[in-house]
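Student: Let us go through this structure by question and answer. Where do we start?

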Amino acid sequence: MADEVSTEERPAALRSDIKLTEETFLTDEFLRQLISVGEVDILVGLPTYNNARTVGGVVTAVQEGLLNWFPRERAVILNADGGSRDGTPDLVVSASIDDAQRRSSNRFTLRTLHSISTQYGSGNAPGTAVRTILAASELLRARACAVIAPEATNLQPDCLRTLLGPVYQDQCDLMLPTYARHKFDGLLINNLLYPMTRALYGVRIREPYASEFAFSGRFGDQFLAQNSWGDESARAGCEVRFTLAAITGGLRISQTFQGIKPHVERHAADLVPALRQTIGVLFWSMEANFSLWSGVRESQAVAMNGGKQQFTLEPLRINRKRLLEMFKTGVSELKSVFQGILSSGTLEELKRIAQLEESDFRYPAELWVKTVYEFATAYHKAVISRDHIIQALAPLFRGRAFTFLVENRSSSASEVENHIESLCLEFERLKPYLLEMWNGRE
Amino acid sequence: MPVTQDVLWYKDAVIYQVHVRTFYDSNGDGIGDFAGLEQKIEYLQELGINTIWLMPFFPSPLRDDGYDIADYKSVHSSYGKLEDFRRFLHTAHERGVRVVIEMVLNHTSDQHPWFQQSRSSRENAYRDWYVWNETDTAYKGTRIIFLDTEMSNWAWDPISKAYYWHRFFSHQPDLNYDNPQVLEEMWNVMRFWLDMGVDGFRLDAVPYLVEREGTNCENLPETHAIIKEFRRRLDEQFPGRMLLAEANQWPADLRHYFSDGDEFHMAFHFPLMPRMFMGVKLEDRKPITEILQQTPEIPSSCQWCLFLRNHDELTLEMVTDMERDYMYDVYAGSEKMRLNLGIRRRLAPLLDNDRRCIELMNGMLMSLPGTPILYYGDEIGMGDNVNLGDRNGVRTPMQWSGGWNGGFSAADPESLYAPLILNPVYGYPAINVLSQRRTPHSLLSWMRKIIAVRRSARVFGNGSIEFLYPANHRILAYVRRLENETVLVVNNLSSAAQAVELDLRRFKGNILIEMFGRNIFPRIGDLPYLLTLGPYQFYWFRLRRI
């Protein structure tokens, strides 16, 4: 019978439709909500997981921002939730624009402002949340999107203007934030991610791992299509992948000052996942983009709106002693692992400084940069499991962090900035060393 | 079919607004007249309307298109004689069409004999018929309406060497209703026309009748008292006649003009109109539902008058600054299209001549609570001429055919009161009654159909409204109910196809009957009722439990 055509005999287009249907990760209920929202100009995504304590204020700020800066535009607030048990999605959906309008007297949106929510799974998986936001953005043909962290307790309505405005006006494809951070906040970014991204790709992006950012719908669609979403490792570090995709794709990137970034307490156990999501992604990107980064000799500033990265100096408690202990323990216990990763010179130097008393301990910038570059090379060569390589970097990073804390204990904000700049220059200066290792060592 | 005796006739009316000058010229002088209008009543009857609203036809210097009246009890010589009006009125009534005329209570022309007398000397008996002052400083809290042309509400009269008050053009002095003689004389004027048989008055500029220091001189209690007095006399002496208020105000302020059913029978819903245009451009029901939510209940004998376009600019007084900016941006890209606080364009050009959108707007006009008013020519999609001054661009001759002068007049084209529309899109060779009459799917044929369907269901003119709020904000859906009659209206405000799920569970068991094709749609069950609508499509469903 004519109707009974085997799958193999069906036209390619039809087979592709079937594949898409099988792979869909959006629920019918979510699709129903998207149908109701329809095409939008602006989409604001809130990835959440048990954020009931803070998300209400964030939604209010977003609503007021839309009210003040995008009253004519078709807009939706989209909550991608990891299965919160504290009522987070309800708080997002029930936040009334009427209240925001009352606060912003004389301001109101011309259109309906939708707030919708979907659960993408069970558990916190920011990558999946971003994927959901990107998929919704594509389906709704959003012109500009922002992702806002649900714990951004000091979020100001104006952030919508500064983040989204230039993207919406097609002045850039990716808008990343800069912050006023405590000088000891963002250690991973300041000691590793920022300097290395800058040395590799030649762009001075202060927050490559941003929790608030905005992007054009066009770029979002491109990233959604290109990124491999199949496994968790690909979804992890999605934010850094996003930044790197914009850099390597030659897209227009800008930065905008977003005010004070509240310090979020991290548990020691958070470091390895954070390394996977940042430096792991950066190492991964080096594989695919060798021809690009190997030719970069120096770095360029990226357009900045509203002020540079700043540092605040109020007291912040960090257990330095514990950092040093974990460094020393790591060097001692992972000696055999390091032998496969590091050059003998670097390893010997690490062993030497691991013997130093706390008062004498320093992890010099040059040694730190060489360490990182040798890890990158080992990752490239896959001398051992790549995930083990990333894990092995954790204790060494703690040693470097200890040094950063000690060196900057009495530093002013500008002195901290100078120290970070020196480190960046060291990463740039030693880039030939990276290339030599990358190309030569077996 | 003569007009019926129903005293609430205006609630079921479909009104056609026309200026006699623009409609049909019977004597070849280039200006429409009452004899011509009488000849075209058959056309209007065929269209399905049952009420004509005539713009001012009185003797006038015509500096404000007849709203500057120089004689209230006669007909401008260009339009014929009083006898011609009587014949027209009789023919209209014979064909079941009522006639509502304009009555400008607030002011006269400065050429009116009353004003000429008044300005002639301070001792003249008519002196106190107008509002005079030695200075121009009184009533400072009063806004200026015609911002583009007037600097003040006071004008210096060099003859009488004093200032006189005018809310509109300076050649339109306001009458002084603090003088009881003025009220009496204006009632005499109204009685003159009521005795002749007119069915009602559209009372122009009613909020401004009385001035009081320290106020904005609008909607004052004294003004309401005057209206109440006119209404009392009307009900006593001419039951079944109607008063329609022209008061460009917010719904809450307008509500007072209905009072307890003892002021106006009807009032224009000015704030709704721009929001309908906003709704389709934004593709969002919010502006429409918001303004209707703010619209107060009115007495059961009263009615809102709804309109899309009229002889004036699309007024943007009753919108916020932000909304006005938006409307200018999307509907009046050229400065020429803007006048005062509004947009001087006709319906079809405003909607980019999008037939589906024109139908949608008319569909909402006919199905929202109120009595619809059609502006002449909009039933065939006539265009405008923004190169003509003031609001004359939307007052060009009616386009009857593709022949000489569009079938409007046998005169030389140069002697027409205004040039015909000639461009290839809206010009009379392309847009005219004759060609659309011959085409069953023309806009004119479609308008006849929708008017017939509207008039087939009393619920539209008399029923309650309840909005549904489906998640899809591009869909404006509402239920109209009157006694046992229930109609569901679903409008797609978007230029793209839409799907919508309606919660109709309380109507479970009913089937839907689409009112234009009378086709049956599936029975309502427990699940959300799924509908898909094409671009700008709308449905009217009658609910039937069978």
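Tutor: The model is predicted: local features need pLDDT of at least 70, side-chain atom pairs count only at pLDDT 80 or more, and totals for chains, interfaces and linings use all residues. Residues are numbered from 1 along each chain as its sequence is written, with chains lettered from A and ligands numbered from 1 in the order in which they are written.

Student: How many residues are in the largest nonpolar core?

Tutor: A nonpolar core joins buried Ala, Val, Leu, Ile, Met, Phe, Trp, Tyr and Cys residues through C-beta atoms within 7 Å. Buried means 20 or more other C-beta atoms within 10 Å of a residue's own, with C-beta atoms placed from the backbone. Leu244(B) and Ile52(B) are among the members that touch the most others. The core's residue count is 163.

Student: How far apart do the C-alpha centres of domain 1 of chain A and domain 2 of chain A lie?

Tutor: Domain bounds come from an automatic or database domain assignment. For chain A it gives domain 1 (18–312) and domain 2 (320–440). Their C-alpha centres are separated by 30 Å.

Student: Which element supplies the largest share of the side of domain 1 of chain A that touches domain 2 of chain A?

Tutor: Helices are DSSP runs (H or I, at least four residues), as are strands (E, at least two), numbered from the N terminus. Helix H8 (187–201), helix H12 (271–288) and strand S11 (310–312) of chain A each supply at least two residues of that side. The largest share, nine residues, comes from H12(A).

Terms used
A residue is buried if 20 or more other C-beta atoms lie within 10 Å of its own, exposed if 12 or fewer, and partly exposed in between; C-beta atoms are placed from the backbone.
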